[in-house]
Amino acid sequence: TVIFTDAFNCTGTVSITVVAGSTPLTATVSPTPTTCPTLNDGTITVTPTSGTAAYQYRLDGGPPQGSNVFTNVAAGAHTVTVTDMFGCTGSFSINVAMGSSLTSSINSGNPPCFNVNDGTITITPTSGTAPYMYSLNGGPAQAGNTFTGLAPGTYTITFTDTNGCTGTNSVTLTGNTAITATSVLTNPLCNGNNNGSITLNASG
């Protein structure tokens, strides 16, 4: 109820009902994915399309901030809350996608001889950002992408790029069988003759 008085002290009243707004704030929310599964570097950008500036923004119930951009966001589901200068709010659910693991190709050389550990593996990253570091079966990391002196067996190479993103690739080296031989002996025809022979048939 509003009471009003004129210059002659005449008064009047009027009643009015203020109806609360029923529509929450609206906004567009734009995410960018993380670079890879091991990094929490996604972003969320919120652009209000209603309400009155200035706005405050919260991510997942965290502290408010004046910027409409959230950085270093992990992959997964998130909730953004927007509050305008009059306290009107709106909440928005958004999913930040997870980036892919690094990919690679492998060239390998099997040990050419039985019981000789001289196999090789060369891995070539096909995504990510150089320089890379490489580890064979969880061993110490090295800058070179080639591993030598390897025995037959299955190997897993883990590689990490300059941003901390990782990838893995596996390969199996096979060994050759041992060389075997059979012999055929021909004795000399007579005692004292030098016409005997030995023939070897090798395989492997």
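**The disulfide and its surroundings**

Analyst: The S-S bond between cysteine 36 and cysteine 165 has a torsion of about -85°, so this disulfide is left-handed. The bond joins distant parts of the chain: cysteine 36 lies in the loop between β3 and β4, while cysteine 165 lies in the loop between β13 (153–160) and β14 (166–173), and 129 residues separate the two. Please keep in mind that this is a predicted model.

Let's stay with the bond for a moment. The sulfur atoms of cysteine 36 and cysteine 165 are 2.1 Å apart, and a disulfide is counted when two cysteine sulfur atoms lie within 2.5 Å. A search of the whole structure finds 1 disulfide.

Cysteine 10 has a relative accessible area of 45% and is partly exposed. Cysteine 88, at 40% relative accessibility, counts as partly exposed too.

β3 and β4 (residues 42–48) run antiparallel and are joined by 6 bridges. One place to look is serine 30, which stands opposite threonine 45 in β4. These strands belong to an open sheet of 3 strands, ordered β3-β4-β6, with antiparallel pairing. At the edges of this sheet are β3 (27–32) and β6 (69–73), each of which pairs on one side only. On average, neighbouring strands here are turned by 15° against each other, direction ignored. As a general point, strands of a sheet pair through backbone hydrogen bonds, either parallel or antiparallel.

For comparison, here is another sheet. This open sheet also has 3 strands, in the order β5-β7-β8, and its pairing is antiparallel. Its edges are β5 (56–59) and β8 (89–96); each has a single partner strand, so one side of each is left without a neighbour in the sheet. Neighbouring strands in this sheet are turned by 20° against each other on average, direction ignored. Between β5 and β7 (residues 76–83) there are 4 bridges in the antiparallel sense, and tyrosine 57 stands opposite valine 82 in β7.

β1 (residues 2–5) and β2 (residues 11–14) pair in the antiparallel sense over 4 bridges. Valine 2 has valine 14 in β2 as its bridge partner. The hairpin of β1 and β2 has 5 residues between the strands, and asparagine 9 in the turn has a positive phi of about 65°.

Finally, let's turn to the aromatic rings. Across the whole structure, a search finds 4 aromatic pairs. In one of them, tyrosine 132 and tyrosine 134 have ring centres 6.3 Å apart and planes at 40°, so the pair is tilted.

Notes
Residues numbered from 1 in each chain as written. Predicted model: local features only at pLDDT ≥ 70, side-chain atom pairs only at ≥ 80, totals over all residues. Heavy atoms only, no water. Pairing = 2+ DSSP bridges. Axes fitted to C-alpha atoms, helices over the stretch in contact; angles between N-to-C directions. Phe/Tyr/Trp six-rings, centres within 6.5 Å; stacked < 30°, edge-to-face > 60°. Buried < 20%, exposed > 50% of the residue type's maximum accessible area, 1.4 Å probe, protein only.
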